[in-house]
Amino acid sequence: QLVESGGGLVQPGGSLKLSCAMSGFGSDYYALGWFRQAPGKDREGVSCISNTDGSTNYADSVKGRFTISRDNALKTVYLQMNSLKPEDSGIYYCAWLWSCGGRKVFDSWGQGTQVTVSS
């Protein structure tokens with residue numbers, strides 16, 4: 001199970017740190033990806049972190065502004081978002097992946113956490 005938190009309302013240029021709390025055995029076997037969906041748009045991948053070597057990747061739109069990290073002891077993956085832009089607004093979801101760039105392990109999505117960047 002994955003539970004997202006940390007969203008909120010922030011002004012352009014501000015920062016937020018999202019958390020994805022992992023429970024169960026999945027954290028030992030799967031990569032973890034962050035996705036987002038803005039109103040009227042398709043869900044898109046934002047970032048991913050491997051469970052094997054800790055390697056990461058980012059969508060071009062967030063490179064240099066977002067940082068994904070993983071605390072295995074706390075079974076939590078974080079997404080530090082800096083220099084936020086209005087186009088970063090949306091519902092953010094985390095999901096287990098077979099590998100970064102690969103498919104989701106499970107079909108369902110969690111409730112996500114809302115991020116709104118607005119002045």
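Which residues lie nearest the centre of the largest pocket? They are Gln1, Leu2, Trp96, Phe106 and Ser108, among 15 lining residues. The model is predicted, with local features needing pLDDT of at least 70, side-chain atom pairs counting only at pLDDT 80 or more, and totals for chains, interfaces and linings using all residues. Residues are numbered from 1 along each chain as its sequence is written, and side-chain values use heavy atoms, without hydrogens and water.

A pocket here is an open set of points on a 1 Å grid over the protein atoms alone, where a 1.4 Å probe fits, with protein on both sides within 12 Å along at least five of seven lines; lining residues have an atom within 4 Å of a point. Strands S1 (2-5) and S9 (90-97) each give two or more residues to this lining. S9 gives the most, with three. Strands are DSSP runs of E, at least two residues, numbered from the N terminus.

Glycine 112 sits in the loop between S9 and strand S10 (113-117). Its relative accessibility is 13%, so glycine 112 counts as buried (under 20% relative accessible area, 1.4 Å probe, protein chains only). Beyond residues up to four places away in sequence, glycine 112 touches Glu4, Ile91, Tyr92 and Tyr93 (heavy atoms within 4.5 Å).

Tyr92 also belongs to the largest nonpolar core, which has 25 residues. Such a core joins buried Ala, Val, Leu, Ile, Met, Phe, Trp, Tyr and Cys residues through side-chain atoms within 4.5 Å. Strand S3 (16-22) is one of the contributing elements. S3 gives the most, with four residues. A second, separate core of five residues includes Phe35, Cys48, Ala95 and Leu97.

Definitions and conventions. Buried < 20%, exposed > 50% of the residue type's maximum accessible area, 1.4 Å probe, protein only.
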